[in-house]
Amino acid sequence: SRPASMSDNPPLTPDRQPAPIHNEYFVLSRHGIYFSARSGSLKFEGKGQLYLSTLRMIFVSDGRGSMNAFDLPLATMRDEAFNQPIFGANNLTGTSAPLDGSSCHEDIKWKLAFNEGGVGTFLPLFFRLLTEMRAMLSQQQSGTIPTATAIPVATASEMLQAAYVDPNDPTKLYVTQPDMPVAVAVATPLKYD
(Lines give C-alpha, C1' and ligand atoms only; values in the text may rest on other atoms or scores of the structure.)
Protein backbone atom coordinates (compact mmCIF):
# COMPACT_ATOMS: atom_id res chain seq x y z
CA SER A 1 0.00 0.00 0.00
CA ARG A 2 1.26 3.47 -0.95
CA PRO A 3 1.46 6.34 1.55
CA ALA A 4 -1.39 8.84 1.31
CA SER A 5 -0.59 12.13 -0.41
CA MET A 6 -2.31 15.20 -1.77
CA SER A 7 -2.63 13.84 -5.32
CA ASP A 8 -3.61 10.27 -4.66
CA ASN A 9 -5.70 10.45 -1.49
CA PRO A 10 -6.64 14.05 -0.62
CA PRO A 11 -8.49 14.57 2.68
CA LEU A 12 -12.18 13.65 2.69
CA THR A 13 -14.94 14.51 5.16
CA PRO A 14 -16.58 11.66 7.10
CA ASP A 15 -19.37 11.56 4.47
CA ARG A 16 -16.75 11.15 1.70
CA GLN A 17 -16.83 14.65 0.23
CA PRO A 18 -13.57 16.51 -0.46
CA ALA A 19 -12.33 18.53 2.50
CA PRO A 20 -12.29 22.15 1.30
CA ILE A 21 -9.08 24.13 0.91
CA HIS A 22 -9.02 27.74 2.16
CA ASN A 23 -11.25 29.95 -0.05
CA GLU A 24 -12.30 26.99 -2.22
CA TYR A 25 -15.81 27.09 -3.68
CA PHE A 26 -17.42 23.88 -4.97
CA VAL A 27 -19.17 24.43 -8.29
CA LEU A 28 -20.55 21.00 -9.17
CA SER A 29 -20.45 17.26 -8.62
CA ARG A 30 -21.06 14.45 -11.04
CA HIS A 31 -21.70 10.72 -10.43
CA GLY A 32 -21.09 7.84 -12.83
CA ILE A 33 -17.43 8.65 -13.49
CA TYR A 34 -14.68 6.16 -14.31
CA PHE A 35 -11.26 7.58 -13.43
CA SER A 36 -7.84 6.30 -14.41
CA ALA A 37 -4.39 7.83 -14.03
CA ARG A 38 -0.81 6.76 -14.57
CA SER A 39 2.41 8.28 -13.25
CA GLY A 40 5.47 6.27 -14.24
CA SER A 41 4.81 2.73 -13.01
CA LEU A 42 2.00 3.82 -10.64
CA LYS A 43 -1.56 3.26 -11.81
CA PHE A 44 -4.80 4.49 -10.21
CA GLU A 45 -8.36 3.67 -11.21
CA GLY A 46 -11.86 3.59 -9.84
CA LYS A 47 -15.53 4.41 -10.29
CA GLY A 48 -17.22 7.15 -8.34
CA GLN A 49 -18.04 10.85 -8.12
CA LEU A 50 -16.27 13.90 -9.50
CA TYR A 51 -16.25 17.31 -7.78
CA LEU A 52 -15.22 20.52 -9.52
CA SER A 53 -14.21 23.55 -7.51
CA THR A 54 -12.56 26.91 -8.08
CA LEU A 55 -9.18 25.21 -7.43
CA ARG A 56 -9.34 21.60 -8.57
CA MET A 57 -11.17 18.51 -9.72
CA ILE A 58 -11.42 15.80 -7.08
CA PHE A 59 -12.38 12.26 -7.97
CA VAL A 60 -13.84 10.33 -5.00
CA SER A 61 -14.02 6.55 -5.43
CA ASP A 62 -17.15 4.67 -4.45
CA GLY A 63 -14.87 2.12 -2.76
CA ARG A 64 -14.05 0.01 -5.78
CA GLY A 65 -10.61 0.76 -7.15
CA SER A 66 -7.02 1.43 -6.19
CA MET A 67 -7.52 4.67 -4.18
CA ASN A 68 -10.04 6.63 -2.10
CA ALA A 69 -9.70 9.92 -3.97
CA PHE A 70 -7.48 11.80 -6.41
CA ASP A 71 -6.74 15.52 -6.67
CA LEU A 72 -6.27 17.25 -10.05
CA PRO A 73 -5.49 20.96 -9.48
CA LEU A 74 -6.63 23.26 -12.28
CA ALA A 75 -3.32 25.15 -12.00
CA THR A 76 -1.25 22.11 -13.04
CA MET A 77 -3.42 20.82 -15.91
CA ARG A 78 -2.24 20.81 -19.50
CA ASP A 79 -2.98 18.96 -22.75
CA GLU A 80 -6.61 18.52 -21.72
CA ALA A 81 -8.95 17.23 -24.41
CA PHE A 82 -12.56 16.15 -24.64
CA ASN A 83 -12.90 12.92 -26.62
CA GLN A 84 -16.00 11.41 -28.23
CA PRO A 85 -15.02 7.89 -29.29
CA ILE A 86 -17.21 5.88 -31.64
CA PHE A 87 -17.24 3.07 -29.08
CA GLY A 88 -17.16 3.81 -25.36
CA ALA A 89 -18.05 6.75 -23.16
CA ASN A 90 -17.19 10.39 -23.82
CA ASN A 91 -14.10 11.26 -21.81
CA LEU A 92 -11.81 14.05 -20.72
CA THR A 93 -8.06 13.42 -20.76
CA GLY A 94 -5.09 15.47 -19.69
CA THR A 95 -1.74 15.69 -17.96
CA SER A 96 -0.91 17.17 -14.55
CA ALA A 97 2.37 17.71 -12.78
CA PRO A 98 2.80 15.73 -9.55
CA LEU A 99 2.20 17.60 -6.28
CA ASP A 100 4.70 17.89 -3.46
CA GLY A 101 4.29 14.99 -1.03
CA SER A 102 2.65 12.80 -3.64
CA SER A 103 3.65 9.23 -4.34
CA CYS A 104 3.66 10.35 -8.00
CA HIS A 105 7.07 11.57 -9.17
CA GLU A 106 6.40 11.81 -12.90
CA ASP A 107 3.68 13.62 -14.86
CA ILE A 108 0.22 12.21 -14.26
CA LYS A 109 -1.70 11.21 -17.39
CA TRP A 110 -5.38 11.05 -16.43
CA LYS A 111 -8.74 10.17 -17.95
CA LEU A 112 -12.29 10.80 -16.75
CA ALA A 113 -14.97 8.78 -18.57
CA PHE A 114 -18.57 10.00 -18.33
CA ASN A 115 -20.42 6.68 -18.17
CA GLU A 116 -23.85 8.10 -17.29
CA GLY A 117 -25.43 10.86 -19.34
CA GLY A 118 -24.23 13.81 -21.36
CA VAL A 119 -21.72 16.55 -20.60
CA GLY A 120 -23.50 19.70 -21.83
CA THR A 121 -23.53 21.24 -18.33
CA PHE A 122 -20.17 19.95 -17.06
CA LEU A 123 -17.88 20.80 -20.01
CA PRO A 124 -18.59 24.54 -20.38
CA LEU A 125 -18.14 25.09 -16.63
CA PHE A 126 -14.93 23.05 -16.52
CA PHE A 127 -13.33 24.87 -19.47
CA ARG A 128 -14.43 28.28 -18.15
CA LEU A 129 -12.90 27.57 -14.71
CA LEU A 130 -9.71 26.30 -16.36
CA THR A 131 -9.49 29.45 -18.50
CA GLU A 132 -10.03 31.67 -15.42
CA MET A 133 -7.30 29.80 -13.49
CA ARG A 134 -4.83 30.19 -16.35
CA ALA A 135 -5.59 33.90 -16.62
CA MET A 136 -4.96 34.32 -12.88
CA LEU A 137 -1.69 32.36 -13.06
CA SER A 138 -0.44 34.40 -16.01
CA GLN A 139 -1.02 37.61 -14.02
CA GLN A 140 1.21 36.40 -11.17
CA GLN A 141 4.77 37.62 -11.18
CA SER A 142 7.19 35.37 -13.02
CA GLY A 143 10.03 33.83 -11.04
CA THR A 144 7.87 32.99 -8.03
CA ILE A 145 6.38 29.64 -7.10
CA PRO A 146 2.69 29.90 -7.96
CA THR A 147 0.33 29.45 -5.04
CA ALA A 148 -3.10 27.96 -5.50
CA THR A 149 -5.30 31.03 -5.50
CA ALA A 150 -8.96 30.22 -5.82
CA ILE A 151 -11.02 31.78 -8.57
CA PRO A 152 -13.15 34.46 -6.85
CA VAL A 153 -16.54 33.27 -5.57
CA ALA A 154 -18.26 36.10 -7.47
CA THR A 155 -16.81 34.80 -10.76
CA ALA A 156 -17.89 31.22 -9.96
CA SER A 157 -21.39 32.44 -9.00
CA GLU A 158 -21.71 34.31 -12.30
CA MET A 159 -20.72 31.13 -14.17
CA LEU A 160 -23.36 29.11 -12.32
CA GLN A 161 -26.09 31.70 -12.94
CA ALA A 162 -25.33 31.65 -16.67
CA ALA A 163 -24.83 27.87 -16.89
CA TYR A 164 -26.78 25.93 -19.47
CA VAL A 165 -28.45 22.97 -17.80
CA ASP A 166 -28.46 20.00 -20.15
CA PRO A 167 -31.36 17.65 -19.25
CA ASN A 168 -29.20 14.68 -20.36
CA ASP A 169 -26.32 15.66 -18.04
CA PRO A 170 -26.64 14.41 -14.41
CA THR A 171 -24.26 17.12 -13.12
CA LYS A 172 -25.39 18.63 -9.80
CA LEU A 173 -24.67 22.38 -9.58
CA TYR A 174 -23.92 23.94 -6.17
CA VAL A 175 -25.79 27.22 -5.88
CA THR A 176 -24.90 27.06 -2.17
CA GLN A 177 -21.96 25.15 -0.72
CA PRO A 178 -22.47 21.50 0.31
CA ASP A 179 -22.72 20.97 4.08
CA MET A 180 -19.29 20.26 5.53
CA PRO A 181 -18.99 18.99 9.11
CA VAL A 182 -17.71 21.72 11.43
CA ALA A 183 -15.17 19.36 13.02
CA VAL A 184 -13.32 18.87 9.73
CA ALA A 185 -10.11 20.87 9.49
CA VAL A 186 -9.66 22.83 6.28
CA ALA A 187 -6.86 21.44 4.15
CA THR A 188 -3.79 23.64 3.67
CA PRO A 189 -3.32 25.58 0.42
CA LEU A 190 -1.45 23.77 -2.33
CA LYS A 191 1.91 24.98 -3.66
CA TYR A 192 3.03 24.11 -7.18
CA ASP A 193 6.57 23.87 -8.48
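How many of the 193 residues of the protein chain count as buried? The share is 46%, where buried means under 20% relative accessible area, exposed over 50% and partly exposed in between (1.4 Å probe, protein chains only).

This is a predicted model, in which local features need pLDDT of at least 70, side-chain atom pairs count only at pLDDT 80 or more, and totals for chains, interfaces and linings use all residues. Residues are numbered from 1 along each chain as its sequence is written, and side-chain values use heavy atoms, with hydrogens and water left out.

**The whole chain**

Begin by colouring the protein chain by pLDDT, the predictor's confidence in each residue, from 0 to 100. The average is 79, and 72% of the residues score at least 70. Residues 1-5 have a pLDDT below 50; this stretch has 14 contacts in the model beyond near neighbours in sequence, a contact being heavy atoms within 4.5 Å. Residues 181-190 also stay under 50, with 23 contacts beyond four places in sequence.

Next, display the cartoon. The protein chain has two helices and eight strands, which are DSSP runs numbered from the N terminus (helices: H or I, at least four residues; strands: E, at least two). Along the sequence they follow the pattern β-β-β-β-β-β-β-α-α-β.

**Helix H1**

Select residues 122-139. The 18 residues of helix H1 should span 26 Å at 1.5 Å a residue, and the end C-alpha atoms are 26 Å apart, which agrees; the expected span is 1.5 Å times one less than the number of residues. Now show the buried residues of H1: Phe-122, Leu-123, Leu-125, Phe-126, Leu-129, Leu-130, Met-133 and Met-136. Viewed down the axis of H1, these buried residues fall within an arc of 165 degrees, so they line one face of the helix. The arc is that of the directions from the helix axis to the C-beta atoms. On the face turned away from the buried side, find the exposed residues Thr-131, Ser-138 and Gln-139.

**The nonpolar cores**

A nonpolar core is a set of buried Ala, Val, Leu, Ile, Met, Phe, Trp, Tyr and Cys residues joined through side-chain atoms within 4.5 Å. Which members of the largest nonpolar core touch the most other members? Of its 32 residues, they are Phe-35, Met-57, Phe-70, Leu-92, Trp-110, Phe-122 and Phe-126. Strands S1 (26-39), S2 (42-53), S3, S4 and S7 (108-114), together with H1, each supply at least two residues of this core. H1 gives the largest share, seven residues. A second, separate core of six residues includes Phe-26, Tyr-51, Val-60 and Ala-69.

Move to Arg-56, found in strand S3. Is Arg-56 buried or exposed? Arg-56 counts as buried, at 1% relative accessibility. Its side chain and that of Asp-71 are joined by a polar contact of 3.0 Å. A polar contact is a pair of N or O atoms within 3.5 Å; within protein, one must be able to donate a hydrogen and the other to accept it, and residues adjacent in sequence count only if both atoms are side-chain atoms.

Then select Met-67, in the loop between strand S3 (56-65) and strand S4 (69-73). Met-67 is buried, with a relative accessible area of 6%. Its C-alpha is 6.6 Å from that of Phe-44, 23 residues apart in sequence.

Finish with Asn-23, in the segment before S1, where phi is near 70 degrees. Asp-79, in strand S5 (residues 77-83), has phi near 55 degrees. Asn-23 is exposed, with a relative accessible area of 52%; Asp-79 is exposed, at 56%.
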